[in-house]
Amino acid sequence: MKKIYTIITTLLLAVLTANAQTVLINEDFSGLTAGTEDNPDATMLVDDMGDFVNPSALKPYDSGLSYKKWGGIGLYSAGGCIAIKDGWFLNTPAGDMSGDVTITFRARLAKGQDDTGRNALDLIFLSRKGLVDFGRKTYSLTEEWQSFSYSSDKGNFETTGFQFYANTEATILIDDIRVERQQKSIQTPTAQDAENVTDHSFRAVWTPTGAESYLLNVYSKKVSGNTINVSEGFEGVDADSEGRLNAEKPNLPEGWAFVWTDPTKPHVAMGEGPDGSTKAIRLVDEGDSFTTPVMKDGVTAFSFWLKAQPTQTEVPNGSYIQVSVDTEYGLYPWKFIDVADSSLMRLATERCSTSLLPLRLSRRFMPLISSMCR
């Protein structure tokens with residue numbers, strides 16, 4: 001039986017009811033009564049994780065902003081407004097900020113710091129998931145309140161928010177944050193596996209997103225009965241005793257793509273494979289990566305060996321391997337593996353079940369990877 005694949009490609013909406021202006025955030029910080037504008041309270045409003053200790057002091061906001069709550073660091077109550085101290089930042093809630101979004105707010109410096117106000121504040125419109133900036137604007141402040149406005153149509157449906165980032169260690173006061181949106185489109189629905197599939201019919205299933213009608217594209221694909229095993233231990237790679245690749249004939253495995261931030265560094269580890277004798281690919285700098293060959297029929301299992309560079313006495317927190325699936329629709333981040341984890345420091349094998357390849361890996365702070373697709 002042929003497997004039926006459904007793709008929802010276009011939304012047909014007779015009336016976009018969400019086209020009206022929606023107020024996402026309307027926060028005047030009137031619940032922050034401690035301290036004064038020029039003498040903020042000494043108790044920080046957020047905990048070590050950057051979350052507000054008493055979120056009930058803040059006003060409700062739109063339910064579509066459910067990805068992240070209010071947060072930040074270096075935040076203090078200042079008698080009905082909020083103070084950012086010591087060069088830190090304030091994050092608004094994040095979520096659906098698609099469409100035309102406008103933020104208005106007031107800001108000033110605390111008294112006695114007027115000479116530090118030039119380019120004192122960055123307003124960043126960003127995805128809180130990948131920390132990708134959609135837009136950024138810098139403001140100069142004085143000791144008097146000023147009103148500011150910023151508009152953008154670059155936000156997404158799930159993870160967008162604003163960040164107020166202090167470019168100075170002077171105390172910055174923020175008040176009356178209002179975010180409005182005029183929605184121009186709706187999110188693409190998610191197609192599910194078809195139901196009641198026969199040779200001649202099926203029932204399409206998808207997650208609706210508020211449209212009154214949808215355009216459905218359908219195609220079929222025969223599942224191949226052939227199983228192909230691909231194994232690569234990088235034994236044939238030509239490098240000197242220090243692991244530097246032969247510049248003329250590195251003899252890298254056919255079909256694999258390698259990217260080095262600095263090609264002069266050693267990218268092969270000798271005697272560091274899983275059995276203590278084989279070679280391993282060594283990713284040295286952030287941005288180093290490699291991609292496996294394309295598997296047109298998909299993948300049922302994938303594994304590799306991983307360990308940190310043995311000569312490192314410490315693996316910094318935040319060191320990780322990123323495994324992504326590279327498809328014709330773009331790069332999909334499938335897994336992040338923390339190399340600072342003690343179990344991964346010894347040796348780790350990761351397996352996945354996916355129908356998409358090639359897989360792309362990138363790493364910070366010198367990992368060792370071998371036996372790819374074993």
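Tutor: Let's start with a term: buried means under 20% relative accessible area, exposed means over 50%, and partly exposed is in between (1.4 Å probe, protein chains only). This is a predicted model, where local features need pLDDT of at least 70, side-chain atom pairs count only at pLDDT 80 or more, and totals for chains, interfaces and linings use all residues. Residues are numbered from 1 along each chain as its sequence is written, and side-chain values use heavy atoms, with hydrogens and water left out.

Student: Is T159 buried or exposed?

Tutor: T159 is found in the loop between β8 and β9; strands here are DSSP runs (E, at least two residues; helices are H or I, at least four), numbered from the N terminus. Its relative accessibility is 5%, so T159 counts as buried.

Student: Which residues does T159 touch, not counting those up to four places away in sequence?

Tutor: Contact means heavy atoms within 4.5 Å. With residues up to four places away left out, T159 touches Y67, A94, G95, L126, S127, R128 and K129.

Student: How many aromatic pairs does a search of the whole structure find?

Tutor: Rings of Phe, Tyr and Trp (its six-membered ring) pair if their centres lie within 6.5 Å; planes under 30 degrees apart count as stacked, over 60 as edge-to-face and the rest as tilted. On that basis, the search of the whole structure turns up 15.

Student: Why is the pair of Y150 and F162 put in its class?

Tutor: The ring centres of Y150 and F162 are 6.4 Å apart and the planes stand at 90 degrees, so the pair is edge-to-face. Y150 lies in strand β8 (residues 146-152) and F162 in strand β9 (residues 160-166), so the pair ties together parts 12 residues apart in sequence. Both Y150 and F162 are buried. The class, again, is edge-to-face.

Student: Which charged end sits over the ring of W145?

Tutor: A charge sits over a ring if NZ of Lys or CZ of Arg is within 6 Å of the ring centre and within 35 degrees of the ring normal. At 4.4 Å from the centre of the W145 ring, the charged end is that of R106.
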